Amino acid sequence: MNRLVRYAARVALIVAIPATLAGCGINTIPTQDEATKAAWAEVQNQYQRRADLVPNLVATVKGYAAQEKSVLVEVTQARASATQVKVDASTITDPAQFQQYAAAQDKLSGVLGRLMVIQEQYPDLKSNQNFLALQSQLEGTENRITIARRDYNSAAQTYNTTLRTFPSVLWAKTVYSGQKPAQLFQATASAQSAPTVDFSSPPTATPPKVN
């Protein structure tokens with residue numbers, strides 16, 4: 001009987017230890033870390049979706065507004081810069097790398113805004129079905145980017161708070177001492193103003209339709 005009691009006590013202890021640790025928050029930090037990384041992956045996914053749309057958009061506009069070469073070149077260069085920045089899960093805890101990535105994406109956002117404004121000067125471009133489809137996809141992607149960044153910031157803020165508040169800070173200083181706070185996206189100054197385009201050059205003739 002005593003042996004059975006001791007065995008039962010050991011089993012109870014084995015079961016109780018994980019439950020106790022879970023209850024005191026030892027799993028909170030890695031759980032929130034993974035949630036932050038998942039939200040970051042969605043941000044990257046939406047930025048990649050936008051990058052994939054840009055070449056077709058530039059090609060369409062070029063046929064109708066060839067003299068807007070400077071803007072088209074800027075968009076192409078900004079896309080190249082945005083896609084050349086190498087990022088992974090570690091980027092969210094590296095301030096320099098995170099800011100480089102965010103700045104490259106913000107620059108692309110700015111020149112894309114200028115590109116979209118161009119349509120107002122070209123009635124035929126405004127009615128082009130291919131352009132309208134691309135415009136709709138781009139606008140949808142920009143909305144998804146906004147949501148993805150918001151969700152990432154929310155996950156990162158929760159994670160960062162956990163690293164600094166009691167009792168989880170005890171685990172952050174001991175078991176998870178290698179964990180670093182996640183960086184947050186910040187609104188840029190240019191995001192507060194509408195894009196502008198110089199329409200001093202007259203529109204060119206509409207290109208012939210291809211059957």
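Predicted model: local features only at pLDDT ≥ 70, side-chain atom pairs only at ≥ 80, totals over all residues.

Colleague: Thanks! How many helices and strands does the protein chain have?

Modeller: The protein chain has 7 helices and 0 strands. Reading from the N terminus, the order is α-α-α-α-α-α-α.

Colleague: And what share of the residues is buried?

Modeller: Of the 211 residues in the protein chain, 34% count as buried. As for contacts between residues at least 6 apart in sequence, 80% of them join residues at least 24 apart.

Colleague: OK, at roughly what angle do α3 and α4 cross?

Modeller: Helix α3 covers residues 69-84 and helix α4 covers residues 95-117; their axes cross at roughly 155° and come within 9 Å. Angles over 145 degrees count as roughly antiparallel, so α3 and α4 are roughly antiparallel to each other.

Colleague: Is that crossing left-handed or right-handed?

Modeller: The α3 and α4 crossing is left-handed.

Colleague: Which residues meet there?

Modeller: From α3, the residues include V71, L72, V75 and A78, and from α4 they include Y101, A104, L108 and V111. The residues of this α3 contact with α4 divide into 11 nonpolar, 2 polar and 4 charged.

Colleague: What about α2 and α3, how do their axes lie?

Modeller: The axes of α2 and α3 come within 10 Å and cross at roughly 170°. That makes α2 and α3 roughly antiparallel to each other, too. On the α2 side the contact is made by A51, D52, V54, P55, V58, V61 and K62, and on the α3 side by L72, V75, T76, R79 and T83. The residues of the contact of α2 with α3 divide into 7 nonpolar, 2 polar and 3 charged.

Colleague: Back to α4 for a moment. How far apart are its end C-alpha atoms?

Modeller: They are 33 Å apart, and this agrees with the 33 Å that the 23 residues of α4 should span at 1.5 Å a residue.

Colleague: Nice check! Which residues of α4 are buried?

Modeller: Among them are F98, Y101, A102, L108, L115 and M116. The buried residues of α4 pack against α2 (28-64), α3 and α6 (129-164).

Colleague: Since you mention α6, is L163 buried or exposed?

Modeller: L163 lies in helix α6. L163 counts as buried because its relative accessible area is 10%, and buried means under 20%.

Colleague: What does L163 touch?

Modeller: Leaving out residues up to four places away in sequence, L163 touches I29, V169, A172, Q179, K180 and P181. Also, 9.2 Å separates the C-alpha atoms of L163 and Y176, which are 13 residues apart along the chain.

Colleague: And Q135, buried or exposed?

Modeller: Q135 is found in helix α6 as well. With a relative accessible area of 12%, Q135 is buried. Apart from neighbours within four places in sequence, Q135 is in contact with M116 and Q119.

Colleague: Last one. Is the peptide bond from F166 to P167 cis or trans?

Modeller: The bond from F166 to P167 is cis, with omega near 5°. P167 lies in the loop between α6 and α7 (168-173).

Colleague: Great, thanks for the tour!

Terms used
Residues numbered from 1 in each chain as written. Heavy atoms only, no water. Axes fitted to C-alpha atoms, helices over the stretch in contact; angles between N-to-C directions. Helix = DSSP H or I, 4+ residues; strand = E, 2+ residues; numbered from the N terminus. Parallel < 35°, antiparallel > 145°, perpendicular 65-115°, else oblique. Left-handed = near helix turned anticlockwise from the far one by under 90°. Contact = heavy atoms within 4.5 Å. Nonpolar A, V, L, I, M, F, W, Y, C, P; charged D, E, K, R; others polar. Expected span 1.5 Å × (residues − 1). Buried < 20%, exposed > 50% of the residue type's maximum accessible area, 1.4 Å probe, protein only.
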